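Work through the exercises below with the model open. Each task is followed by a solution in steps.

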Amino acid sequence: MTGTFLSTGQPALADLLSLHGRTAIVTGAGQGIGEAVASRLAEAGAAVVVADLDLSRAERVAESITRRGHTAAAAQVDVADSGSVRRLAGAAGSFRDPLEIWVNCAAVVSTVGVLEMSDDDWDTVMKVDLDGSFYCAREAARVMSDRSRGVIILITSLSAFRGRVGRSHYVAAKHGVNGLVRALSTELGSAGVRVVGIAPSVTATALADGSGEDSSTDRGLWTQMMDRAIAGIPMGRAGSPDEVARAALFAASDLASFVTGSTISVDGGASGA
């Protein structure tokens, strides 16, 4: 490692936090947590590919980042389509710096009771939230293992650790993402690739206010679930997207150089309540 060292021989904090010389892909970056993550990684010096199913949203975020003097480009991706994810990995080649960070924030959710849940309800959430996480991790690993360096960050959820009314599909998918973090960190550690999960509780995004849920959402169940979730947070509030993004910045940086296979809770104490 090059950079400034303290008298103890350890690198300075600024060097540990710096992401200069690295390219990052962030999926689901057109809004919410993904937008906040993309902005923080760019601020730390990474060249960021802002990827989203909605290209116009991705372009808006990329333009906002570049206006602040950082490096970003927009790309369209459907994480439920492995071919689309493969093409996204190639988009990182538009930057000079190597792809060393991939953060998968893309997710969908609906709130519907198990007795009313259709096959399509189940399949849609599993395809985006679980399969999409795997597709992104696989493409990232293919690139990063060749260079023996990189970090894959998968946004999971507090819901992966407990039941949620009307969200059996979402809980199952996010539980699977936690399993991916553990399994892939074991498999990829010798290749120099770290895998880290980040598990937010209720976060002030479109998914939290219900506007990001799909048309199958049962509004009564959604309200019941949200009321219970907020009541279970010792800090008494929802988190902000930027609070989750700060955890992602830590995980992506050399501050976390020996952190892999772990899922970091960003939940206001809910997981300990």
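**Exercise 1. Helix H5 against helix H6**

Task: In this predicted model, decide how the axes of H5 and H6 are oriented to each other, and state which residues make the contact.

Solution: 
- Step 1. Take H5 as residues 119-147 and H6 as residues 168-188. Their axes come within 9 Å and cross at roughly 15 degrees.
- Step 2. Apply the cut-off: angles under 35 degrees count as roughly parallel. H5 is therefore roughly parallel to H6.
- Step 3. Assign the hand. H5 and H6 cross in a right-handed sense.
- Step 4. List the contact. H5 contributes Asp-121, Trp-122, Val-125, Met-126, Asp-129, Leu-130, Ser-133, Phe-134, Ala-137 and Ala-141. H6 contributes Ser-168, His-169, Tyr-170, Ala-172, Ala-173, Lys-174, Gly-176, Val-177, Leu-180, Leu-184 and Leu-188.
- Step 5. Sort the contact of H5 with H6 by class: 14 nonpolar, 4 polar and 3 charged residues.

**Exercise 2. Strand S5 in its sheet**

Task: Give the strand order of the sheet, then determine whether the faces of S5 are covered or open.

Solution: 
- Step 1. Write the order. The open sheet has 7 strands, S3-S2-S1-S4-S5-S6-S7, with parallel pairing.
- Step 2. Find the edges. S3 (72-76) and S7 (263-266) each have a single partner strand, so one side of each lacks a neighbour in the sheet.
- Step 3. Pair S4 with S5. S4 (residues 99-104) and S5 (residues 150-155) run parallel and share 4 bridges. Ile-101 is opposite Val-151 in S5. Trp-102 is opposite Ile-152 in S5.
- Step 4. Count burial. In S5, 6 of its 6 residues are buried.
- Step 5. Gly-150, Ile-152 and Leu-154 are buried on one side. Val-151, Ile-153 and Ile-155 are buried on the other. Both faces are covered.

**Exercise 3. Helix H2 between sheet and H9**

Task: Which strands does H2 lie across, and how is H2 set against H9?

Solution: 
- Step 1. Start with the sheet. H2 lies across S1 (23-27), S2 (47-52), S4 and S6 (193-200). Its direction is at about 170 degrees to S1.
- Step 2. Turn to H9. The axes of H2 (residues 32-43) and H9 (residues 241-252) come within 8 Å and cross at roughly 50 degrees.
- Step 3. Classify. H2 and H9 are therefore oblique to each other. The crossing of H2 past H9 is right-handed.
- Step 4. Name some contact residues. Among them are Ile-33, Val-37 and Leu-41 of H2, and Val-244, Ala-248 and Leu-249 of H9.
- Step 5. Sort by class. The contact of H2 with H9 has 10 nonpolar, 1 polar and 3 charged residues.

**Exercise 4. The chain as a whole**

Task: How many helices and strands does the protein chain have, and what share of its residues is buried?

Solution: 
- Step 1. The chain has 9 helices and 7 strands.
- Step 2. Of its 273 residues, 52% are buried.
- Step 3. Among contacts with a separation of 6 or more, 73% join residues 24 or more positions apart.

Methods. Residues numbered from 1 in each chain as written. Predicted model: local features only at pLDDT ≥ 70, side-chain atom pairs only at ≥ 80, totals over all residues. Heavy atoms only, no water. Axes fitted to C-alpha atoms, helices over the stretch in contact; angles between N-to-C directions. Helix = DSSP H or I, 4+ residues; strand = E, 2+ residues; numbered from the N terminus. Parallel < 35°, antiparallel > 145°, perpendicular 65-115°, else oblique. Left-handed = near helix turned anticlockwise from the far one by under 90°. Contact = heavy atoms within 4.5 Å. Nonpolar A, V, L, I, M, F, W, Y, C, P; charged D, E, K, R; others polar. Pairing = 2+ DSSP bridges. Buried < 20%, exposed > 50% of the residue type's maximum accessible area, 1.4 Å probe, protein only.
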